[in-house]
Amino acid sequence: MYRSALDHLMTDEERDHFETRGFLPVENALTSEEVDALLGEVDRLHREARDAGDKRATKDGAWGKADIVGLSEPFTNLSDNPRVLPKVWGTMGWNIMLYHTHLHVKPPAPDAEEGEGWMEFHQDSGRVNLEMRTFPQARISLKVAYFLTDVSEPGRGNFYILPGSHISDTIPISSEIGRDPAEARSEGIPEGAIPVCAKPGTAVLFDRRLWHGRSANRSTLTRKALFYGYSYRWIQPKDAMTVEHLLEDADPVRRQMLGSVVNNNGRYVPVDEDVPLRGWLIEHLGEEAVAEMDERALVL
Ligand SMILES: O=C(O)CCC(=O)C(=O)O
């Protein structure tokens, strides 16, 4: 873990924003070099998918791919991004790991019919939303959206959110909860939903309970974005998390983020080797700060 992470600890103001609104933008989460390298990787994978005959990976088609973290170094490096991970542990504590990653490419569709090109509003985690019968539900995970292209104006396929909906007991729209969201029409946008506008290199953390979707892209720019989901270590990964080949050489905190465990019991009752992040935080911030973090994790 880079020491520079200590310069990006979550402030009380940021925590309050995340807790009350359900999301937190982090500008300059990526350097322009990192953005370029990630764009290169996204374009390469898109090309490879097209060459392999993936019908969705056409020039004009929206295309996505999951389980990207182990596919190349620029993707792997985001697992413990020192400008972002401190915000994740700042809200969830140290017993965390990456449990899902995906990328999405959304080309312009200027000829689409009015209202087309949306992704249904949803909360993340499918059946959890049905089977966890407490209101509000527990957070249990969050995602970090990385925007690689300029979505600083609406109409560019922006990520859409309903601020505050993560702790509201009302379901803002009729939706088939527990199913993966599909492409939809814009009729299903809850009142009060807003586009997230962001420059390339911006990260946006969002609570998995936050109602969100993806909007139509009527601009001339293809939108390219990455999504990194962090959960507690006792959750099942949402994709294959193909990372075995990275573990031997990974730094201990990165190994934790990639989901390495000594044994399954350590997911629930971790020993030091399971959670090097805890040791790192004690070393750099002290026992008291880590105890405070535990207190916070208990109440949220
Ligand atoms: O691509 C987007 O803007 C939304 C992605 C999304 O809904 C998700 O990761 O759950």
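Which strands each supply at least two residues of the shell around the ligand? In this predicted model, where local features need pLDDT of at least 70, side-chain atom pairs count only at pLDDT 80 or more, and totals for chains, interfaces and linings use all residues, they are strand 4 (118–122), strand 10 (212–214) and strand 11 (223–232). Residues are numbered from 1 along each chain as its sequence is written, and side-chain values use heavy atoms, with hydrogens and water left out. Strands (E, at least two residues) and helices (H or I, at least four) are DSSP runs numbered from the N terminus.

The shell, counted as residues with a heavy atom within 4 Å of the ligand, consists of His102, Met119, His122, Asp124, Lys143, Phe159, His212, Gly213, Arg214, Arg223 and Phe227. Strand 10 gives the most to this shell, with three residues.

An N or O atom in the side chain of His102 is 2.8 Å from a ligand oxygen, a polar side-chain atom of Lys143 lies 2.8 Å from a ligand oxygen, and one of His212 lies 3.0 Å from a ligand oxygen. The protein covers 97% of the 290 Å² of accessible area that the ligand has on its own (Shrake-Rupley method, 1.4 Å probe).

The ligand sits in the largest pocket, in the sense that more than half of its atoms lie within 2 Å of the grid points of that pocket. A pocket is an open set of points on a 1 Å grid over the protein atoms alone, where a 1.4 Å probe fits, with protein on both sides within 12 Å along at least five of seven lines; lining residues have an atom within 4 Å of a point. About 780 Å³ of space lies in the largest pocket. Of its 37 lining residues, the closest to the centre are His102, Met119, Asp180, Pro181 and Arg214. Strand 3 (96–106) gives the most to the lining, with five residues.

Two backbone features remain. Most residues other than glycine have a negative phi, and most peptide bonds are trans. Ser125, in the loop between strand 4 and helix 5, has a positive phi near 90°. A cis peptide bond joins Phe135 and Pro136, with omega about -10°; Pro136 lies in the loop between helix 5 (128–131) and strand 5 (141–147).

Note on methods: Polar contact = N/O pair within 3.5 Å; in protein donor to acceptor, adjacent residues only side chain to side chain. Points joined across faces, edges and corners; volume = space filled by probe spheres on them.
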